[in-house]
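Welcome! Please open your viewer, get your selection tool ready, and follow along one stop at a time.

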Amino acid sequence: MEEFLRRLPHTGQTDIRLFAAAVSASNNGVVITDHTQPDEPIIYCNKAFETMTGYTNKEIIGHNCRFLQDGDAGQEARHILREAIGKGEHCSVEIRNYKKGGRLFWNELTISPVKDQDGMVTNFIGIQNDITRRKEAEEALIVERDNLEERVLERTEDLKESEAYLASIIETVRESLVVLDRDMQVLSVNEHFCRFFKSVEKDIKGKVLFEHNNGQWNLPELKNLLINVLPNNNPFEGFEIENEFPKIGRKLLVLNARQVILKGKYQDRILLAIEDITERREIEQRKEDFISIASHEMKTPLTSIKGNLQLLQRKAQQNNDTQYLSGFETAVKSVARLERLIYDLLDVSKIQAGRVAFSFTTFQLDRLINEAVSGIQATTNTHTIKVTGSANIEVTADFGRLEQVLLNLLSNAVKYSPDGKDVTLHMSILPDYVKISITDKGVGIHERDHKRIFERFYRTDQISEKFPGVGIGLYVSNEIIKEHKGTLWVDSKEGEGAIFSFTIPINH
Ligand code: ADP
């Protein structure tokens, strides 16, 4: 250092010592090279440079700086440096250097030339800073950004694919679809919508749904449902409208609507699906009409068959004609079964048309129970019907209709428990209701069918072939109990028997 200072241009001794102390105490690595000697050797380095590189002063002084490159001389920063040194210019680079032992560190290096009075470069001063940590963080950031870009690209591709996929589904479904924004403006409709309503998309797109086509959709109830879809995420299903539509006439439509959310894209849209059920309803109606007419038509000849059979049966009894008696008995039973079926079918039609007449009277419930139980007991010699609990109480109800419910439930209990011997009817009085439960030890009902067995013509899969029936008894019974302001339900597990219970209100 002393030697180097001696060669510096003359300044005050104190200033030089101060500069020297500052340089040596600096946290940045400082080196000075001699440009006047061959291969520009290092003639000074401070402590920080030694610490940064791991080399000692004596391993540094006299060497050209290239020892820091350790075979990595091909890098761009090195060329920039060489060019600046050649031209005697100032320059800054970020360069890969290697510590003693070969470990890489990133060096933020600034070199400045020192010139003599004639402008000739005599030295270069290099200030260095180890920026490895920063570089690593930057590189990690770049890798992360690249990954992110890749992921965004993949995601965009996925989205594009799923949008195309969705679009193709939307265009193929045989249901009219409308997408609305939160102001009920139509954003788009699918092909089927245009085909069905004989319109083109541009006629409706951008319009408020309720104002379209002279307000054909402007139905207060529908409006209310749609307006509530978004604010409280309140979807609706199965809303039926019957309306006169331009070009296509009167149609019965069923509407479903729900909020559609595509993350990051939109979440304030409503998808409205419109299904045309006009034809289906007509077919159903024709079926209803057929059942109603057919059972009516069958009723009259059956009444005549029944009357004549009973007459013949009585005659055979009088003549003690044992040869025909058992035949007549079987025929009378079959006719009774047929008659029940016809009356049940007629009931279904009446319920559908809302034409079931009820005649309410006040009577002792026990009397009803006894009549129904003895009626069924007479039809079976394989089962015993036990009555437990008590219903010594008066009710106001339709005697005949409630008896019909009890006969249905009791005959089912016998029918569906071919191996069980006991059927129990239990009565209990609850605060405002009387409850009647009929328990059998038969085939039972899977939970998935507990609701469906009360639908018209529904029979469970596993029994439909083994037991005769048409699946209307429970439907009719349920309607009767509903009319009495009570409820009918089943508790059962497949293979473990069933308990059918109903409640009806008690007179106070
Ligand atoms: P049906 O007996 O003529 O089929 P129902 O309406 O009375 O018609 O009953 C509907 C269906 O409910 C039956 O087909 C049967 O699957 C089921 N079901 C009714 N009662 C019982 C019972 N006690 N045990 C098991 N299954 C029953």
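Before the first stop, one term: a residue is called buried when its relative accessible area is under 20%, exposed when that value is over 50%, and partly exposed in between. Keep in mind that you are looking at a predicted model.

Stop 1: Select Asp-347 and Arg-401. Their side chains form a salt bridge, with the closest N and O atoms 2.9 Å apart. This pair links distant parts of the chain, since Asp-347 sits in helix α11 and Arg-401 in helix α13 (residues 399-415), 54 residues apart. Are these two buried or exposed? Asp-347 counts as buried because its relative accessibility is 5%, and Arg-401 is buried as well, at 12%.

**Stop 2: from helix α10 to helix α11.** Now select Lys-306 and Glu-339, whose side chains meet in a salt bridge at 3.1 Å, N to O. Lys-306 belongs to helix α10 and Glu-339 to helix α11 (residues 322-353), so the pair ties together parts that are 33 residues apart in sequence. Lys-306 is partly exposed, with a relative accessible area of 28%.

**Stop 3: along helix α10.** Select Arg-281 and Glu-284 to find another salt bridge, 3.4 Å from N to O. Because these residues are 3 apart in helix α10, about one helical turn separates them. Arg-281 is partly exposed at 34%, and Glu-284 is partly exposed at 30%.

Next, pick Gln-313, also found in helix α10 (residues 278-318). Gln-313 is buried, with 15% relative accessible area. Which residues does Gln-313 contact, leaving aside neighbours within four places in sequence? They are Leu-325, Phe-328, Glu-329 and Val-332.

**Stop 4: a salt-bridge network.** Select Glu-94, Glu-108, Arg-134, Lys-135 and Glu-138 together: salt bridges link them in a network. The count for the model comes to 29 salt bridges.

**Stop 5: a nonpolar patch.** Show the surface and select Tyr-165, Leu-166, Ile-169, Ile-170 and Val-173, which make a nonpolar surface patch of about 430 Å². Tyr-165 lies in helix α6 (residues 132-172) and counts as exposed, at 57% relative accessibility.

**Stop 6: the wider view.** Colour the domains: domain 1 (2-137), domain 2 (160-276), domain 3 (281-353) and domain 4 (361-505). The contact between domain 3 and domain 4 takes 9 residues from domain 3 and 10 residues from domain 4. Finally, select residues 15-88, where an unreviewed UniProt entry places the feature "domain: PAS". This span is 46% helix and 14% strand, and its end C-alpha atoms lie 26 Å apart.

Methods:
Residues are numbered from 1 along each chain as its sequence is written. This is a predicted model: local features need pLDDT of at least 70, side-chain atom pairs count only at pLDDT 80 or more; totals for chains, interfaces and linings use all residues. Side-chain values use heavy atoms; hydrogens and water are left out. UniProt positions are given in the numbering used here, feature names are shortened, and annotations may be inferred rather than shown by experiment. Helices (H or I, at least four residues) and strands (E, at least two) are DSSP runs, numbered from the N terminus. Patches are made of residues with over 30% relative accessible area and no salt bridge: like charges are joined within 9 Å, nonpolar side chains (Val, Leu, Ile, Met, Phe, Trp, Tyr) within 5 Å. Accessible areas come from the Shrake-Rupley method with a 1.4 Å probe; for residues, only the protein chains shown count as cover. A salt bridge is a side-chain nitrogen of Lys or Arg within 4 Å of a carboxyl oxygen of Asp or Glu. Buried means under 20% relative accessible area, exposed over 50%, partly exposed in between (1.4 Å probe, protein chains only). Domain bounds come from an automatic or database domain assignment. Contact means heavy atoms within 4.5 Å.
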